[in-house]
Amino acid sequence: MATIALRLLGKPDDVDDIVHDTFLQARRSLPQLRDPRAIEGWLGTITVRVTRRALHRARFRRLVGLGAVEADHVPTSSLSPDDYDYVHGAYSRLSTLRTDERIAWILRRIHGAQLDAVAQMCGCSLATAKRRISAADRRLGEVAR
Amino acid sequence: MMLDPDRLRTLTTPEWTAQREDAVLRRLQQAERPRPARWIAISVVAMAAAALILVWWIGGDDSVLVPSPDPSSDSPIVDARPPAADPSLLIPPPNPAIPPRAAPVVTPLQFRDGSAVIPDDEGSDLVIAEAGADSTRVELRRGGARFDVTPRPERRFRVEMGLVTVDVLGTEFHCLREDGRVTVEVIRGRVSVSWPGGSTLLRRGESGVFPPPAAEPSAERRSPAPSSAARWRRLARKGDATAAYEALRAGEAVANRAEELMLAADVARKAGHPAAALPYLRRVLAEHPADSRAPLAAFTSGRIEFGRGRYRKAAKHFARVREMGETSLVEHALAREVEAWAAAGDEARAQRLARDYLSRYPHGPRVEKVRRVLVAGEE
């Protein structure tokens, strides 16, 4: 869950909150889980749903000018400065995508999920998942595969 | 810029630790719903802001808009001054014919532990002078800001405003620097305010202007001290603990004030000489036992002694924190006392205190550690 959340967000700030909220939702929805063997994918789906909401909230906050900035000198992660710059730059580009395309692309290309798993986590059909990934590929252009 | 998924995969693998897992599990035990209070707070603030704008727009009574802290009330300042409100809403412009301008965009400073500093307006000048694991210093150079500080006893949070400093253990308060004076209003918790020649404790709902008129340093008192005497302090303020410690070792004087003694102790600890901090902390405890920093001095002494393997001494310091009255450090001091007595081999006392802790703080942040001590003792 933390891995999916971090990869979708690109920064560690809200990861613990998302894990927390995912567990809360999972606990409430547990009776709906019919096959206990599917729990991993099921939790992944909830994680993606919770993270998508966080991304929408962040986008809304940016739009209304309430986006928080990191205080100077407050370490944002354990990455080296070069790696931090790279991740920051990469996610700046990813932020230009539509949220659904971004999520599908990250799950497929960075997280390495199978297409059917991407579709399940995104709550869409296989065809839609493929279309979103292709659209993101096109927008990102020169992405190394 | 090429996006390399393999590199991104490596760089976005979280370091998930047992500590983070514990924290999430604790929150899960405490919360049935995901942070509902935040939405309630946002709704309340939004409604309060809307009401203020409406009242101002229709030219209502000015006094409604000026906050008037009432210590007997539970949350007067929150009601009168919403966190992100434009101060221009609180003090209407002289010409009511001029339409209100849009609230300027104010960006809060958000710390990773959840603490936040929200400037009053675009004219407020804030600088993060230090943001380390055990100390955070914010300089308010101009204007005002609301501080919402997450309690972390091992970290000191200080706001500096010229001659006036505010020490925080975990609380919410507002500071305004204006005309050479500083107004401090406490919304939640309590803070210690100090200025040359004095200090005081402000509790929830209280406010004050500092330095108080009677305590303002006279021209004579303001005469500069010999430059060498202040050098260690300047170095410490700059964050150069090593140089400040060397200056102290060279014989520079430390004034017999709790604030100064605590600073000297911090210098010694940060310079890697925790034992050298103990004499300063002892002086705080012996000569300023009523000062608001005294519990922190005892707690820090306990941590240092524990680190040196002097567990009984550490336990006694932690016990002293509890004896000093109800502060936000008491819970942590009790847990640390349990650990110290267990490490000292006094299992009976450790277990008795562990039970005390678990009954008083069943959802406390140190429950797991204390429970482990209890289980180990029973085995």
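Helix α2 of chain A (residues 15–29) has 15 residues and spans 21 Å from its first C-alpha to its last, close to the 21 Å expected at 1.5 Å a residue; the expected span is 1.5 Å times one less than the number of residues. Helices here are DSSP runs of H or I with at least four residues, strands are runs of E with at least two, and both are numbered from the N terminus. This is a predicted model, with local features needing pLDDT of at least 70 and side-chain atom pairs pLDDT 80 or more, while totals for chains, interfaces and linings use all residues. Residues are numbered from 1 along each chain as its sequence is written, chains are lettered from A and ligands numbered from 1 in the order written, and side-chain values use heavy atoms, without hydrogens and water.

α2(A) is mostly covered, with 11 of its 15 residues buried (under 20% relative accessible area with a 1.4 Å probe, protein chains only; exposed is over 50%, partly exposed in between). Among the buried ones are A:Val15, A:His20 and A:Ser29. A:Leu63, in helix α3 of chain A (residues 39–63), counts as exposed because its relative accessibility is 70%.

Over in chain B, strands β1 (residues 109–110) and β2 run antiparallel, joined by two bridges; strands pair if DSSP finds at least two bridges between them. B:Gln110 sits opposite B:Ala116. Five residues separate the strands of this hairpin, where B:Gly114 takes a positive phi near 100°. β2(B) also pairs with β4(B) (residues 135–148), antiparallel over four bridges, and there B:Pro119 partners B:Ala145.
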